[in-house]
Amino acid sequence: MTLKVGMLTSGGDCQGLNSAMRGVGKRLFENDPQTEVYGFLDGYAGLMQSNYRVMKPSDFSGILTLGGTILGTSRQVFKTMNDPLYPNRSDGPTKLEGMIRTYKDLNLDGLVILGGNGTHKTANLLSENGLNVITLPKTIDNDLWGTDMTFGFQSAVNIATEVIDGIHSTASSHGRVFIIEVMGHNVGWMTLHAGIAGGADVILIPEIPYDPLAVAAAVNKRAREHKRFSIIAVAEGAKTKEEAKMSKKEYAEKIGNLPFLSVAYRLASILDKLTVQEVRCTVPGHFQRGGSPCAYDRVLTTALGVAAADWVIQKKFGVMVGMVNNEIVGIPLKDVAGKVKSVPTNHPLIQSARNIGIYFGDEDLENG
Ligand code: F6P
């Protein structure tokens, strides 16, 4: 029987979305050239509004190295909100009902969803409501529970590392302290990896709240030891020890409810008064999510994408296709949804970094 398969990308984009869809699409058509593939546009919005395009084998050629997503994406907060196709009806179908309606109208056999944390909550909801769902773990943050690795992560770490590499020469020329803000949402995987790969002197991650005075002391100690410069890699979600104790509301009030007030500049404004060297900031931001997937992500997405297609063919649904100990495994969606994979504070990489003198901002150092 010819399969009808839907596909969508949801949440923030990252490198590897197209190469993952290529793996799925090529495998499905390889299995049966008559397979019908429906690509929903702009994430769950496309599924809700039945906005899709029928995808041919040619759609999956020439996209291995392409950044972004050929289907478009969006961040959709919805749950029981009303279906936008019925804007004037308070009794209209919910968005969930809208998605189920499209799935049933098209008579789909399965739905392949590529996304991160938020996406997985919705994917699980759809699965709980009887849809045949398989997901692929996408995010530069690497914070999806159940898989060792998400695609996009290695590509983004490579970019963040190049930023740190590039900063070294100018930091050295001027003898400055540089703070480089790395993405990663509320976890420190990217900053830990890019910080180590780029040779940062200080790494600040959300899982280890820092003391700004101690960071200043560490930087001044380096200057006293005739180190010409210091590089601080700070995760966008890093917090001081004081901030970590605050409620969400108190924290929002403290930083002035300004979503664009970056942690790097907040830290710089403190360090500037305490360090003997000048302080500068670099915030590469969404640049870290752009461009081609690195070789690692091309391989990972091909393997995961092919596995997802195989599981659709075998009717193995309700799972995320993840990677554990270098093996492809299916992790039940109900286990993934709503959980975050943070960096364990006793992670061996943190210990290795500490053992070569990288400072995490948590220990008291003598101020200079
Ligand atoms: O989840 C990926 C990510 O890039 C995070 O690292 C970052 O906090 C967030 O998305 C930015 O979101 P947006 O694309 O909505 O600005």
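Before looking up a bridge partner, I noted what pairing requires: two strands pair if DSSP finds at least two bridges between them. I also kept in mind that this is a predicted model.

**Entry: the sheet.** I looked up the strand order and found an open sheet of four strands, S8-S9-S7-S10, paired in parallel. I saw that S8 (202–204) and S10 (279–282) are the edge strands; each has a single partner strand, so one side of each has no neighbour in the sheet. From one strand to the next, I read an average twist of 20°.

Entry: I followed S7 (residues 177–182) alongside S10 and found four bridges in the parallel sense. Which residue of S10 is the bridge partner of Ile180? I found Thr282 there.

**Entry: helices on the sheet.** I turned to H7 next and found that it packs on the sheet, where it touches S7, S8 and S9, with its direction at about 155° to that of S9. I then noted that H6 (residues 189–197) lies across S7, S8 and S9 (230–235), and runs at about 170° to S8.

**Entry: two helices meeting.** I checked H7 (residues 212–224) against H10 (residues 263–274): their axes come within 10 Å and cross at roughly 50°. That angle is why I wrote down H7 as oblique to H10. I recorded the crossing as right-handed. On the H7 side I listed Pro212, Leu213, Val215, Ala216 and Asn220, which meet Leu267, Ile270, Leu271 and Leu274 in H10. I sorted the residues of this contact into eight nonpolar, one polar and no charged.

Technical notes
Residues are numbered from 1 along each chain as its sequence is written. This is a predicted model: local features need pLDDT of at least 70, side-chain atom pairs count only at pLDDT 80 or more; totals for chains, interfaces and linings use all residues. Side-chain values use heavy atoms; hydrogens and water are left out. Axes are lines fitted to C-alpha atoms, for helices over the stretch in contact, and angles run from 0 to 180 degrees between N-to-C directions. Angles under 35 degrees count as roughly parallel, over 145 as roughly antiparallel, 65 to 115 as roughly perpendicular and the rest as oblique. A crossing is left-handed if the near helix is turned anticlockwise from the far one by less than a right angle, and right-handed if clockwise. Contact means heavy atoms within 4.5 Å. Ala, Val, Leu, Ile, Met, Phe, Trp, Tyr, Cys and Pro count as nonpolar, Asp, Glu, Lys and Arg as charged, and the others, Gly among them, as polar.
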